[in-house]
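I opened this entry to record what I looked up in the model, beginning with the surroundings of the ligand.

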Amino acid sequence: MNYRTLGRTGLQVSELGFGCGAVGGLLVRGDHDEMVRVVAHAIDQGINYFDTARSYGNGQSESSLGRVLEELQADVLIGTKVQLTAEEMDDIERAVIASVEGSLKRLRRDYIELIQLHNFMSVERQPERGWVSVEDVEPAIRAFETLKAQGKVGFYGINGLGETDAVHSVIEQGQADTVQICYNLLNPSAGIAVPSSFPFQDYAGTIDHAAAQRMGVIAIRVLAAGALSGIGERHVNAAQNVDPIASSDNFADDLVRAQAFHFLVEDGTASSPVEAAIRFVLSKPEVSTTMVGISSMEQLEAALAATEKGPLPADVLNHLAEIWSSF
Ligand SMILES: NC(=O)c1ccc[n+]([C@@H]2O[C@H](COP(=O)([O-])OP(=O)(O)OC[C@H]3O[C@@H](n4cnc5c(N)ncnc54)[C@H](OP(=O)(O)O)[C@@H]3O)[C@@H](O)[C@H]2O)c1
């Protein structure tokens with residue numbers, strides 16, 4: 001396993017991270033013994049960053065992770081998140097502190113390395129959608145600073161989802177240490193310029209904006225919630241219905257679109273579509289850690305094997321530009 005620096009936090013994170021979300025839902029719906037085996041194997045293979053959130057399984061992911069790590073007596077880096085409800089937006093500072101206190105209890109820890117604001121962002125607050133405004137980030141950061149002063153969190157970050165302009169303006173304020181960014185073969189716009197005809201949201205180089213601020217970059221939706229694997233059936237531990245982020249309107253359309261990248265297997269570049277998708281994200285040096293949502297030991301093994309092969313060759317990356325132009 002290689003390690004990369006998580007921006008200005010200075011933390012050394014494994015370039016493959018363990019996604020404890022509800023899509024690849026091992027930590028939400030899995031059997032306890034299976035969770036212990038898979039997490040132990042991940043740690044054994046060098047994974048040291050685990051990404052969870054209060055909202056994943058309504059606290060279940062944090063509770064499972066806390067219990068498993070305690071049982072394994074494992075010392076790893078944990079990032080969790082606070083997702084403000086519309087009501088909580090009335091007193092953001094208080095809500096953030098209460099949420100983190102709950103996360104610490106479920107994670108069985110006095111301290112977590114990273115806390116992140118989970119809400120999507122827009123220029124104006126959109127409470128009916130659960131989106132916060134650029135101004136709403138200020139009280140959240142005040143709360144994070146309080147928690148930091150109390151020794152309960154090490155660093156804090158934001159979610160790079162929502163309106164591109166809003167995300168970029170928070171990045172440019174320069175306070176947050178990290179950002180989670182949707183980056184994958186279906187929508188590479190956070191890291192590679194796309195033509196104006198590109199059909200999905202243009203993140204306009206969010207990864208590079210963040211790197212310029214020395215923020216740590218956590219790449220998410222690397223497999224487009226599984227669509228880039230080419231497999232439509234969901235694992236029993238997985239969320240059975242998923243909404244794409246910044247790609248097609250629905251998962252079935254993403255699956256069709258993902259076929260455009262199967263040539264990477266046919267021409268021998270990668271041994272599977274999953275490998276190609278993970279190696280594509282690893283190819284961006286500004287990405288600190290590449291998260292993959294995990295439902296099973298087999299999925300973890302595949303992600304580890306892909307990571308071992310490293311970034312895609314430069315000529316392949318150049319060829320991909322032609323595919324995106326054809327979208
Ligand atoms: N900040 C945010 O708002 C946000 C949003 C999304 C994700 N995240 C973070 O990023 C992590 C990863 O994202 P994600 O889980 O949404 O999406 P993802 O990593 O793009 O996709 C995960 C899905 O890919 C499929 N998959 C994985 N390995 C596979 C393999 N070898 N063969 C076939 N299919 C495979 C699985 O589907 P099945 O399980 O159905 O088989 C799995 O559920 C999350 O756990 C979370 O920590 C954060």
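**Ligand shell**

I first asked which element gives the most to the shell around the ligand, and found that it is β12, with 3 residues. I note that the model is a predicted one. Both β12 (289–293) and α11 (297–309) supply at least two residues of this shell. I counted 29 residues surrounding the ligand, the closest being G19, G21, G24, A238 and G293. Sorted by class, the shell holds 14 nonpolar, 12 polar and 3 charged residues.

**Overall fold**

I then turned to the protein chain, which has 12 helices and 12 strands. Its radius of gyration is 18 Å, close to the 20 Å given by the globule rule for 327 residues, so the chain is as compact as a globular protein of that length. Along the principal axes, the C-alpha atoms fill a box of roughly 55 × 45 × 35 Å. I recorded 51% of the 327 residues as buried. Of the contacts with a separation of 6 or more, 75% come from residues 24 or more positions apart.

**Residue L300**

I selected L300, which is found in helix α11.

Technical notes. Residues are numbered from 1 along each chain as its sequence is written. This is a predicted model: local features need pLDDT of at least 70, side-chain atom pairs count only at pLDDT 80 or more; totals for chains, interfaces and linings use all residues. Helices (H or I, at least four residues) and strands (E, at least two) are DSSP runs, numbered from the N terminus. The radius of gyration is taken over C-alpha atoms; the globule rule is 2.2 Å times the number of residues to the power 0.38. A residue is buried if 20 or more other C-beta atoms lie within 10 Å of its own, exposed if 12 or fewer, and partly exposed in between; C-beta atoms are placed from the backbone. Two residues are in contact if their C-beta atoms, placed from the backbone, lie within 7 Å. A residue is near a molecule or strand if its C-beta atom, placed from the backbone, lies within 6 Å of it. Ala, Val, Leu, Ile, Met, Phe, Trp, Tyr, Cys and Pro count as nonpolar, Asp, Glu, Lys and Arg as charged, and the others, Gly among them, as polar.
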